[in-house]
Amino acid sequence: MSARATKQRELDRAAEVAAQAAISGIDSDALLAHSSVRPIRQQRPVPSRRSLGGPRLVAGQNRRATDRGLAYVAVGPAYDPYSARRRRTPEWLVNYTASLVVGDAAVAGLVLLGMASVGDRQWLSTASGVLVATAWVAALALAGAYGERRLGTGASEYHRVLLGGMAGTAALGMLLAANPDVSLGDLVLVAMPAVTVLSILGRNLQRRRLHRARRQGHMAKRVVVVGREVALVDLVTRLRRDAAAGWQVIGACVPDPASAGGLGREGVHVLGGLDHVETVLGNVRADAVIVASTSETAAAYLRELAWKLEGTNIDLLVVPGLIEVAPDRLHVRPTVSVPLIQIDEPDFWGMRRVVKSAIDRTVALLVLMLLAPLLVVIAVAVKVDSRGPVFYRQRRVGKRGREFGLLKFRSMVVGADAVLTALEQADDGNGVLFKMRVDPRVTGVGRVLRRFSLDELPQLLNVLRGEMSLVGPRPALATEVAQYGDDMQRRLLVKPGVTGLWQVSGRSDLSWDESVELDVRYVENWSLGRDFSILWRTARAVMHGSGAY
């Protein structure tokens, strides 16, 4: 208050002296030079909004109501998140999150209702059911199970539900230990595990609904991509390939909009330059901005862009320049001034590989024993349908370039390889692998076997011998390996698989580049959890027969 009063006296004195100078024709600076009053014209200039540091001077802003009318310039931040226009959360996201909350609460209520129907539990009532359901939703919220960045992709959402279940079980256990007379044993031993499992299953059903909507162009975030055109073309291609991730590209900002023809060919409108991002995001009502490679000054540009977006509820995402690296291999290593991203090495040896090999051989043995009658039936059908051997053996390249004999049930006539040259004009494959949707060499039984991938069951014998794995890259021919580049050579670091990402992503419908990319992605990021996921997706792909011919 004292400083403000002193400043006001200075301003009043300056105004009075300036008025006297104007009347008498005397230079005001000459008068002010003999006093202790600072000339107004010597105050610090207002820095440009493009400035990256320090406070700025804003006339007439950030004043208290009692200060209005005072003739001085107040100090305020260059980028003020408190006065930013906040983007509303997309309606679909609000509705989807609400459906998750209702589903989780309903699961808790159903479990309690089931417990009440099978026993005499006096403490169970409508009020206690509502209380438990509310507590379960609160536990999931505290565990981060409703965080938008975890919804729809990855296993983090399920991990958070599991974390909420473990926290709830621990809380009930502590309450039971403190009050042994309270009959909460059923809640700890039965209710919480059941609620956790059912909530995870419910989340999986909700995710399927979300993915189906996103593939149809709905329930996705509107995104503007920013950076150099070459990087953006690749980024747009990858985002469109993974429509279930929920990023809908609606435009781009590049350093030179006039020469951005590649994005136009991809159907992406160039909306402005790098300096226009803030305006563009407001005009197109975008939900997020993704920044790829920009320039040598990318660090300063990103910092300023992040400041501009504070308080707007617009997500800012940065492409790190790494492809085919799973999120669980990335770790942030902080320093005083810059976060560093550490990339873990893929596991090519060690205990996890030993466990994978043991699981492969155990499962292969069990499946062969269970399916022995079916294998006998298939063998007889192949033998009766056409002349020739039951099995087809072909040399393939395995781990570290070692060749092995891959086994299949014969699905073609004998001598099919000899007439391959005559059919090359009718190739429906990807330019490297020969495929025909209607191949005259395939037998009647062979067509059925291929439709349901039953011809590949003998490869379980290769798994038992240690030549293959249940999940891995597609086993390659020697002629294919001869065309490999450095990236494709990565496929030879692990055992080929009976199934893999290529099997559950389209099989013969994939291009050569897509097949290689999927195999390299698996090699770089394999884990036991992903193996189980691929095996589950393989069963669905086989039933639908996608890409099988």
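**Note on aromatic and charged side chains**

1. Phenylalanine 409 counts as buried, at 3% relative accessibility (buried means under 20% relative accessible area, exposed over 50%, and partly exposed in between, with a 1.4 Å probe and protein chains only). This is a predicted model, in which local features need pLDDT of at least 70, side-chain atom pairs count only at pLDDT 80 or more, and totals for chains, interfaces and linings use all residues. Residues are numbered from 1 along each chain as its sequence is written, and side-chain values use heavy atoms, leaving out hydrogens and water.

2. The count of aromatic pairs comes to two (rings of Phe, Tyr and Trp, the last by its six-membered ring, pair if their centres lie within 6.5 Å; planes under 30 degrees apart count as stacked, over 60 as edge-to-face and the rest as tilted). Phenylalanine 348 and tryptophan 349 have ring centres 6.3 Å apart and planes at 55°, so this pair is tilted. Phenylalanine 348 is buried at 18% relative accessibility, whereas tryptophan 349 is exposed at 64%.

3. Phenylalanine 391 and phenylalanine 409 form a stacked aromatic pair, with 5.3 Å between centres and 15° between planes. Phenylalanine 391 belongs to strand S10 (residues 391-397) and phenylalanine 409 to strand S11 (residues 403-409), so the pair ties together parts 18 residues apart in sequence (strands, E, of at least two residues, are DSSP runs numbered from the N terminus). Phenylalanine 391 is partly exposed, its relative accessible area being 40%.

4. The charged end of arginine 352 sits over the ring of tryptophan 526, 4.9 Å from the ring centre (NZ of Lys or CZ of Arg must be within 6 Å of the ring centre and within 35 degrees of the ring normal).

Terms used:
Helices (H or I, at least four residues) and strands (E, at least two) are DSSP runs, numbered from the N terminus.
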